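Opening the notebook on this one.

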Amino acid sequence: MKVDGSYYRSLWWDAAKGVLQIIDQRVLPHTFRVQSVETMADYVDAIVEMRVRGAPLIGATAAYGIAGALADNPGDAAFEKSYKTLLATRPTAINLRWALDRCRSVLLPLPAERRAKAALQLAHDIADEDVEINRAIGGHGLALIREIAARKPDGAPVQVLTHCNPGWIATVDFGTATSPLYQAHHAGIPLHVWVDETRPRNQGALTAWELGSHGIAHTYVTDNAGGHLMQRGEVDLVIVGTDRVTRSGDVCNKIGTYLKALAAHDNDVPFYVALPSPTIDWTVADGVREIPIEARDAGEVTHVQGVTEAGEIVSVRVTPEGTKGGNPAFDVTPARLVTGFITERGVCDASAAGLVGLFPEMAQAAE
């Protein structure tokens, strides 16, 4: 996608320097900063501190981390150490484990002397595949938006509500839930997007920055305004992303997604999840009981980051001194509250049968 008229992916390989380049998302939307990632400590910091964030982007970053590690030492022991180090960075987003397991299955059977070159190519492949997956998700989501637009009065925008930042900076490009929005906008369909504030970390501000950069009409609202807007008939469609989906269709996503799904269900608003297939965890059936929920630093709740009138990015405390903060980063929305999944292969029901219908090669894993 574009930033100030220039095309960017969320990460890219600098062949001349032999390092990964990322957009440091901690300082967005106020400052656009590119950072080099060189050592394993840099990769760990990038993921843990959310310089990169979003399940697909975390997976791609980890693949490049393996490539960097094997360039230094292609041995089995070095691989396993890097694998475990990266896997421990964040527990909920399944793309991290998916990318690392793919690296293990492809690279370890190779002779040690071939691993470094193959690892870098595999990281490139994973990044490129993510772009194409998200492009395809956008096409299938566009069809849903077209159907709604056809029922609207002439010129009336399709009103979409998002949650968290399922945008291009949470993936390698296009985004998951935002990909249909970009493609609808490019197709000339009038849109208006309700963008959740999404504390902690104000990730709705990242969505607003993205949409504004592409000229898509949007309004920034508090997280708890979603139900009110649905009651008033001001939301035609909810599209969210996801960090992990179980084989039965439960959805783990940014904290607050469950409440949006409840409000949508109560007001008969379609609630769709944009789902790249690497985000499906075929080993898990019950999302509430089986998915580990990351508990992040309480300071993300007790403090808020913003920019002063002088342009300085600062963090300020919003709670009384000494107040304890709780910060579960994700929640689980049961499949029964999800209208459907928008995947790279099409749209399906949020169920085991729906997922296997689009991904029949995984039928045995889903049993």
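Predicted model: local features only at pLDDT ≥ 70, side-chain atom pairs only at ≥ 80, totals over all residues.

Ground rules for the sheet: I call two strands paired if DSSP finds at least two bridges between them. Helices (H or I, at least four residues) and strands (E, at least two) are DSSP runs, numbered from the N terminus. Residues are numbered from 1 along each chain as its sequence is written, and side-chain values use heavy atoms, with hydrogens and water left out.

I looked up the strand order and got 3-4-5, three strands in an open sheet with antiparallel pairing. Strand 3 (11-14) and strand 5 (34-37) are the edges; each has a single partner strand, so one side of each has no neighbour in the sheet. From one strand to the next the twist averages 30°, taken between lines fitted to C-alpha atoms, with angles running from 0 to 180 degrees between N-to-C directions. Strand 3 pairs with strand 4 (residues 19-23) over four bridges, antiparallel. I checked W13 too: its bridge partner in strand 4 is L20.

**Cavities.** The rule I used: on a 1 Å grid over the protein atoms alone, a cavity is a set of points where a 1.4 Å probe fits but cannot get out; a pocket is an open set with protein on both sides within 12 Å along at least five of seven lines; lining residues have an atom within 4 Å of a point. Grid points are joined across faces, edges and corners, and a volume is the space filled by probe spheres set on the points.

How many cavities of 30 Å³ or more are there? I get two. The largest cavity holds about 270 Å³. Its lining has 26 residues, with R53, G54, C164, D243 and F330 nearest the centre. Helix 2 (55-72) and strand 11 (251-254) are the elements giving two or more residues to that lining.

The second largest cavity has about 90 Å³, and among its lining residues I noted W98, E129, D130 and P278. Helix 5 gives the most here, four residues. By class this lining has seven nonpolar, two polar and two charged residues (nonpolar: Ala, Val, Leu, Ile, Met, Phe, Trp, Tyr, Cys and Pro; charged: Asp, Glu, Lys and Arg; polar: the others, Gly among them).

**Pockets.** The largest pocket comes out at about 630 Å³. R26, R201, N202, V304 and Q305 lie nearest its centre, out of 26 lining residues. Which element gives the most to this lining? Strand 14, with four residues.

The second largest pocket has about 270 Å³. Of its 14 lining residues, W98, S277, P278, I280 and W282 are nearest the centre. Helix 4 supplies the largest share, four residues.

**Cysteines.** Zero disulfides, counting a pair of cysteine sulfur atoms within 2.5 Å as one. For C252, the nearest cysteine sulfur is that of C164, 11 Å away. Buried or exposed? C252 is buried at 0% relative accessibility (buried is under 20% relative accessible area, exposed over 50%, partly exposed in between, with a 1.4 Å probe and protein chains only). C103 is buried as well, at 1%.

**Last look.** E290 sits in helix 10 (residues 287-290) and is partly exposed at 39%. Its C-alpha is 9.2 Å from that of T246, 44 residues apart along the chain.
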